[in-house]
Amino acid sequence: MSRHVRLVARGLAVWWLWMPLAAGLVWVVKHAVFGGFGQQDQSYVLLLKRQFFPHGGLVDAAPLFWFWLAVGLCGTVWAVVYAVDETGVGFGGWRARLAVSVVLLALVGSLVRAGTGVWDNDKDAGRFYAAATVLDVPAGGGTPRSVLPVTEHSRPGDGGRCDLVGTADVPACVKTASMPAFDFEARTASYAAATKALTDSAGLSSGVHLMNHSLHYLPGAASGGAWTAVLDGSGEQPMEGVAVWDGKSNSVVSCAFRGDHAFNRAFGGTGAVSLRNLLAERFPGLVYSDQDIWGYCDGPDPRTAQPVVVISVARETGWKQRTVLAPAGVLVLRGSSNGKPDVTYRAQVEPGELPGAVYPASVVRSQIHEVQWLGGRGAKDDQGFGFAHTSAGTNATNPGEFLLRSKADGHLYYVTPLVPRESSSQLVVAFAVLQADRAGGGLNDLHVYVRSDDAPAVNLDVLASRMVSYMAQQTSITISAGQGGALQEIIPFGRDMWRGFVDFSGQTQDYIDLSGDATVTPNLVSLTGQIPAPGGQPQPQPQPQPQPSGQPTANCGGDPSQLTNTQLAACIAELSKALQGRLKD
């Protein structure tokens with residue numbers, strides 16, 4: 001009897017321990033043998049946490065752990081049955097029946113735990129981000145159809161943060177409030193033009209390249225805003241510095257890591273030059289994506305300023321039976337006299353402490369994506385509730401998370417036009433707005449400002465068509481819109497205003513400002529000084545200030561030949577109104 005028991009015990013030990021021992025062996029190899037390659041160590045530990053132990057232990061373990069436990073218990077049931085049968089004890093005794101019953105109950109429990117974890121896995125992510133999401137709907141005119149799946153099944157809220165709360169098993173907060181007059185500042189160049197200008201003109205050393213995803217817009221910098229990007233090294237070539245472009249001129253300036261601000265690492269470096277390995281070793285719990293890396297020149301003159309690299313970081317946080325990404329502050333990287341990176345971790349950042357975004361854009365995108373869960377699984381699956389980024393051709397490479405500064409309060413915001421989810425419609429039905437210059441204390445509130453159904457229709461493809469048509473009327477230039485066309489990007493600013501950038505040979509030459517409801521006179525501005533008029537004769541381009549509908553847009557008492565087509569039409573409309581008034585009198 002003892003021989004069979006020992007045989008079964010050995011078999012169970014092998015059955016249960018081979019996987020944990022193999023996992024431990026892999027960690028030892030990565031941690032000890034490949035010491036100094038911090039990314040491997042970090043990624044492996046985070047993988048185990050994500051797939052097995054989100055909270056670092058058995059409490060709320062991930063579904064994969066419970067599946068592993070169920071497999072182990074299946075082998076245990078077989079071993080117990082084998083031992084009972086071989087020893088001749090049989091199942092008549094209470095001990096044998098109790099052992100088999102306990103193992104079977106544990107098996108069923110682990111399968112139930114694994115099943116519920118898998119079923120709720122995606123919804124749990126929605127629950128986490130929903131706690132920091134507010135649907136703002138305008139007062140009067142009925143509830144917009146795009147949020148009916150949430151508001152139809154709701155109850156009164158506290159009247160403070162939420163006027164209505166959803167009744168689904170995912171928390172939903174609805175506030176009756178129109179989008180505030182943020183009065184966002186407009187940019188002077190497109191993302192595509194900034195990429196072209198900085199890529200072609202930055203970097204003086206071999207092995208240095210522009211880190212494309214580090215392209216970052218700093219609103220309100222000198223001359224109304226500037227684009228920056230990190231000049232990263234590769235191989236054994238360290239990082240060179242930060243490039244800066246004002247969006248208007250053809251010159252790109254940069255601040256370099258040198259002298260007392262040397263920097264001997266690079267994101268693209270290998271071996272001892274790898275900055276990613278260094279950061280993973282020092283901060284194993286922090287993660288980031290390349291789009292959350294940006295830089296700036298700390299000083300009035302970029303050529304003599306100190307380069308600074310900022311990384312908006314996140315942390316994989318245990319939530320229910322999974323992990324979620326939560327903002328965790330910033331890493332600020334500076335050079336030093338000995339070349340070793342001076343890295344400072346700041347878990348809390350207040351507005352104005354850094355010139356760019358400190359809240360990770362990658363987390364913002366996750367928050368926008370999870371809005372689809374606010375009505376519950378039924379509304380998401382059966383009614384396609386939620387919002388998505390526009391798929392307009394002009395914005396194909398840069399559809400959202402525009403970093404803009406509000407003139408009203410001076411804060412930086414991520415602003416994203418949204419269209420209905422799972423729909424062919426490209427009508428902008430909402431704007432996602434999240435404060436970007438503050439990090440710490442958890443998620444920042446994501447406000448989804450929903451437009452009313454009777455609001456003037458805004459479609460980026462239609463706006464692009466209007467911009468192309470207006471430029472053809474005002475100049476001798478014919479442009480194309482969409483990906484690869486001259487009209488590269490359309491972004492919101494001000495109140496119901498949109499700016500489209502006209503790029504030639506990778507450089508922004510002109511921009512056109514239009515209102516979504518077509519009540520403001522379009523504004524065409526050439527960054528090169530003059531725009532050729534119809535017929536090919538260059539003339540100074542008038543730059544009228546946007547005027548509300550009903551106000552004069554030009555000096556109608558002047559020479560008609562000096563007015564543009566749009567101004568002439570406005571004057572005719574004014575004369576017609578005056579004539580109708582006299583006829584009534």
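Figure 1. Leucine 111 is located in helix α4 (helices being DSSP runs of H or I with at least four residues and strands runs of E with at least two, numbered from the N terminus). This is a predicted model, in which local features need pLDDT of at least 70 and side-chain atom pairs count only at pLDDT 80 or more, whereas totals for chains, interfaces and linings use all residues. Residues are numbered from 1 along each chain as its sequence is written, and side-chain values use heavy atoms, with hydrogens and water left out. Leucine 111 counts as partly exposed because its relative accessibility is 44% (buried means under 20% relative accessible area, exposed over 50%, and partly exposed in between, with a 1.4 Å probe and protein chains only). Together with Leu64, Phe67 and Val118, Leu111 forms a nonpolar surface patch of about 340 Å² accessible area. Two or more residues of this nonpolar patch come from each of α3 (63-87) and α4 (94-130). Patches are made of residues with over 30% relative accessible area and no salt bridge, like charges being joined within 9 Å and nonpolar side chains (Val, Leu, Ile, Met, Phe, Trp, Tyr) within 5 Å. Accessible areas come from the Shrake-Rupley method with a 1.4 Å probe, and for residues only the protein chains shown count as cover.

**Figure 2. The largest pocket.** The volume of the largest pocket is about 580 Å³. Among its 30 lining residues, Met179, Phe431, Arg451, Arg495 and Asp496 are the closest to the centre. Strands β21 (446-450), β22 (487-493) and β23 (497-504) are the elements that give two or more residues to this lining. By class, the lining of the largest pocket comprises 19 nonpolar, five polar and six charged residues (Ala, Val, Leu, Ile, Met, Phe, Trp, Tyr, Cys and Pro count as nonpolar, Asp, Glu, Lys and Arg as charged, and the others, Gly among them, as polar). On a 1 Å grid over the protein atoms alone, a pocket is an open set of points with protein on both sides within 12 Å along at least five of seven lines, a cavity is a set where a 1.4 Å probe fits but cannot get out, and lining residues have an atom within 4 Å of a point. Grid points are joined across faces, edges and corners, and a volume is the space filled by probe spheres set on the points.

**Figure 3. The second largest pocket and glutamate 401.** The second largest pocket has about 500 Å³ of volume. It is lined by 23 residues, of which Tyr191, Gln291, Asn398, Gly400 and Glu401 are the closest to its centre. At least two lining residues each are supplied by β6 (216-219), α8 (361-369) and β18 (402-405). The lining of the second largest pocket divides into twelve nonpolar, seven polar and four charged residues. Glutamate 401 lies in the loop between β17 (387-389) and β18 and, although not a glycine, has a positive phi of about 55°. With 11% relative accessibility, glutamate 401 counts as buried.

**Figure 4. The second largest cavity.** Two cavities of 30 Å³ or more are counted, and the second largest cavity holds about 30 Å³ of space. Its lining consists of Glu185, Ala186, Arg187, Tyr217, Pro219, Gly220, Leu403, Leu404 and Arg405. Both β6 and β18 give two or more residues to this lining, and β18 provides the largest share, three residues. The lining of the second largest cavity has five nonpolar, one polar and three charged residues.

Figure 5. The whole structure contains 18 salt bridges (a side-chain nitrogen of Lys or Arg within 4 Å of a carboxyl oxygen of Asp or Glu). In one of them, arginine 161 pairs with aspartate 445, with the closest N and O atoms 3.0 Å apart. Arginine 161, in the loop between β2 (154-156) and β3 (164-166), and aspartate 445, in the loop between β20 (430-435) and β21, are 284 residues apart, and the pair links distant parts of the chain. Arginine 161 is partly exposed at a relative accessible area of 35%, as is aspartate 445 at 31% relative accessibility. Aspartate 163 forms a salt bridge with lysine 175 at 3.6 Å between the closest N and O atoms. Aspartate 163 lies in the loop between β2 and β3 and lysine 175 in strand β4 (residues 173-176), so this pair ties together parts that are twelve residues apart in sequence.

Figure 6. The side chains of aspartate 200 and lysine 196 meet at 3.0 Å, N to O, in a salt bridge. These two residues are separated by about one helical turn because they are four residues apart in helix α6 (residues 191-201). Lysine 196 counts as partly exposed at 36% relative accessibility.
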